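Trainee: Hi, I'm new to this one. Could you walk me through it?
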Amino acid sequence: MMLRQVKPRRQVLRGAGYLSGAQSSSFLSMTEELFLDAAEYGNIPEVRRMLEELPDLNVNCVNYMGQNALQLAVANEHFEVTKLLLRKKDLARIGDALLLAISKGYIRIVEAILSHEAFADSQRLTNSPSQAETHDDFFAYDEDGTRFSHDITPIILASQCHEYEIVHILLMKGARIERPHDYFCQCRMCSEQQRHDSFSHSQSRINAYKGLASPAYLSLANEDPVMAALELGNELAVLANIEKEFKNDYKKLSMQCKDFVVGLLDLCRNTEEVKAILNGDTESCQSSETFSRQNLIRLKLAIKYEVKKFVAHPNCQQQLLSIWYENLSGLRQQTTAVKILLVLGVTVGLPVLAFMYWIAPSSKLGKLMCGPFLKFVAHAASFMMFLCLLVLNAADRFAGTSLLPNMTTHDHPSQLFRMKTTPFTWMEILIISWVIGKIWEECKDIWSQDIREYISEPWNLLDFSILAIFMTSFIARLMAFWHAYSAQCYVDKHYTDLSNMTLPFDIQYFQLARINWIPSDPQLISEGLYAIAVVLSFSRIAYILPANESFGPLQISLGRTVKDIFKFMVVFITVFVAFMVGMFNLYSYYLGAKHNDAFTTLEESFKTLFWAIFGLSEVKSVVININHKFIENIGYVLYGVYNIIMVIVLLNMLIAMFNSSFQEIEDDADVEWKFARAKLWFSYFEHGGSLPVPFNLVPSPASVISLLLGIKEFLWDVPQGDNKENSNDEMELNKLRQQEDLSVEAPLCPTRHQKIMNRLIKRYILKAQRDKDNDEVNEGELKEIKQDISSLRYELLERGNHDMETLAKLIRELGEVMHVQQKEEQKS
């Protein structure tokens, strides 16, 4: 036939020697060879003729690559050939053909395959080849002719290929991606898979997460795609730190989820849509108490999971700015000078403002004090006042103390000297009141949030350390005062004048000058701890620096360098301790026989090596006064190696780490600063805590009434709910999480939030498809055009042959008619 004489060039190489062990074309009959060729090249007439005229034709025959006619037709996008083959019964490898069509994005072929009777059971779409109970011929279990691993399901593959329309079709068919079990799950199935093939088990988890993290699946399979993306992104980030061997894969997927959320936020066109993303479905998450301020439940998660691009997005920042200047919207347009004057006014009038708020919290002024901006200014002013108190507490010693360490003083003859030094001054009492108020504030924070969340914040740990050191210092000071007061009571009872009097030793100690105090004296301990607390208190200023655009990135860089120092200290301490112990072992036998006491004791060894880092130790520290040159030379070598390692290697490595961290912050300074500023702002968005320290120690009338109601409920044994301030947020968060898997049962009357999210998802999908269409023409599209031309060629040839046969038939009939007419003419 003419059709068999015209063959295009083969698209696959045949008969490779290394595949001789597989089923090759040499085992096929000529008819099967022609059948596979016709299916591969889209010869529709030939395929139709062979299927109709050859009932015994093996439609499941495979070529040397293990691909049958259906797979060849799907791979080359021959839609009509695929439909012809799908009409045959007992067709094999339909599952592989579906996966192949999905991977190439052939939507019409996917729809045709899904309409096959084999997919009447929806489990076919949910179960992967490895999950099938019986190994039938639906998939190629010997992996001949398949391009996919056995843990790939159609919905996973469509999601990984970002085929939105195919994902939608499969979801309508009931397909879902089963979420992998927890990494530490010890169930029977996970244990068996881990024991049988741990690598395959890990790969199946990654493939499932690739499908779950796909924008196509996130947008179409979840009623709340923003919440689903945030939760999944955090889960993947945690897995990246657990499964170190697949860290890059999980980090990439986590970033993909975060980019999806940012992409949705980027498509918002008005404030309502931005609020829908940041707040969630507020209609379905109504609490008993309605607040006028937005709950920002999604933004809380984004900050917790450090989705920095989402938090720093202009749309999000604009909403935060509007909340930050709540009830003070006109202040945003004011100059910096006006804002500074407002801050100074609040600082000066803080006691009056606090008193007015205490009396009338619901008044106009009270509502202004509840606003985040004024709340921040009030707390910052309170903290600056506290620092001023710390400075002024030592004002009497600025020019030097008048009471030298070897001096004592008395107000009256019977007074002990320590009764002059141990009592608290009025300035110290103010400092104590501030510390107690801060402790009460921290206790409320711990009560209002989970203890683990509280500990995870570095600033909370710094506050806890400052307060703990202050309280320890005050307690030690109080102990010193109590001991001195007890001694003074003894003196007042037994003596009237201490001149030329011999006191018991326990009482006489409190008459001694400072130089004679024992090292463990409570007052000395108190003074030392107080000094540490003062230093840490001033470092707390860094907490408010992110509010300023100039100082914010600097504070972030400083915080990052602190982390670098902790990493560096592991190596530093190891090297330092090694040389400290080594030099001590070398010179501990030469105490009194050296130029100085360096390295002769463990303490001296520590001091010498520590100050050597800054060049403040002498080279003579290794010199021995006796003629032991070998020990001395060993000392020179060790000391030189120590200086090379510490000064040249490790310190320069630390400087390089600092430069790297600073450059990372500088490269993305705007995002880092806006994220840090959002965290600072958010801490003042919560209701309550309007009165700064120490004014929060005075109970307000509302709190007194609340306490009395609580006591009444407790006495009457009335069950009460969770009183924590964040209970509303937790309830909303739980409800939002429960909505993730409810997309199957769509509500009859969708809420306003659902309508907005559907609108944003449609925009996202259209944008993704538009971006895909705008990409340059790829080889697959060119190949598709060539295949269409090839199919058209066969159809034209078939039509030409049909026309030629028709013409030949007409010619024969005309010849017969003419022959009959000639015979009649001859007879006549």
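Mentor: Helices (H or I, at least four residues) and strands (E, at least two) are DSSP runs, numbered from the N terminus. This is a predicted model, where local features need pLDDT of at least 70, side-chain atom pairs count only at pLDDT 80 or more, and totals for chains, interfaces and linings use all residues. Residues are numbered from 1 along each chain as its sequence is written, and side-chain values use heavy atoms, with hydrogens and water left out.

Trainee: OK, where does Leu-650 lie?
Mentor: In helix H32, residues 629-667.

Trainee: Is Leu-650 buried or exposed?
Mentor: Leu-650 has a relative accessible area of 5%, so it is buried. Buried means under 20% relative accessible area, exposed over 50%, and partly exposed in between, using a 1.4 Å probe and protein chains only.

Trainee: And what is Leu-650 in contact with?
Mentor: Skipping neighbours within four places in sequence, Leu-650 is in contact with Phe-568, Val-571, Phe-572, Val-575 and Ile-645. Contact means heavy atoms within 4.5 Å. Phe-568 is 82 residues from Leu-650 in sequence, but their C-alpha atoms are 8.4 Å apart in space.

Trainee: Switching topic: how many residues are in the largest nonpolar core?
Mentor: That core has 149 residues, and Phe-35, Ile-113, Phe-310 and Phe-470 have the most contacts inside it. A nonpolar core is a set of buried Ala, Val, Leu, Ile, Met, Phe, Trp, Tyr and Cys residues joined through side-chain atoms within 4.5 Å. Another core, of 23 residues, lies apart from it, and Phe-568 and Tyr-639 are among its members.

Trainee: What does Phe-470 touch?
Mentor: Leaving out residues up to four places away in sequence, its partners include Phe-386, Leu-390, Ile-431 and Tyr-530.

Trainee: What about phi?
Mentor: Glu-77 isn't a glycine, yet its phi is positive, near 55°. Glu-77 sits in the loop between helix H4 (69-75) and helix H5 (79-86). Its relative accessibility is 19%, so Glu-77 counts as buried. Phe-599, also not a glycine, has a positive phi of about 70°.

Trainee: Which loop is Phe-599 in?
Mentor: The one between helix H30 (551-587) and helix H31 (602-612). Phe-599 counts as buried too, because its relative accessibility is 0%.
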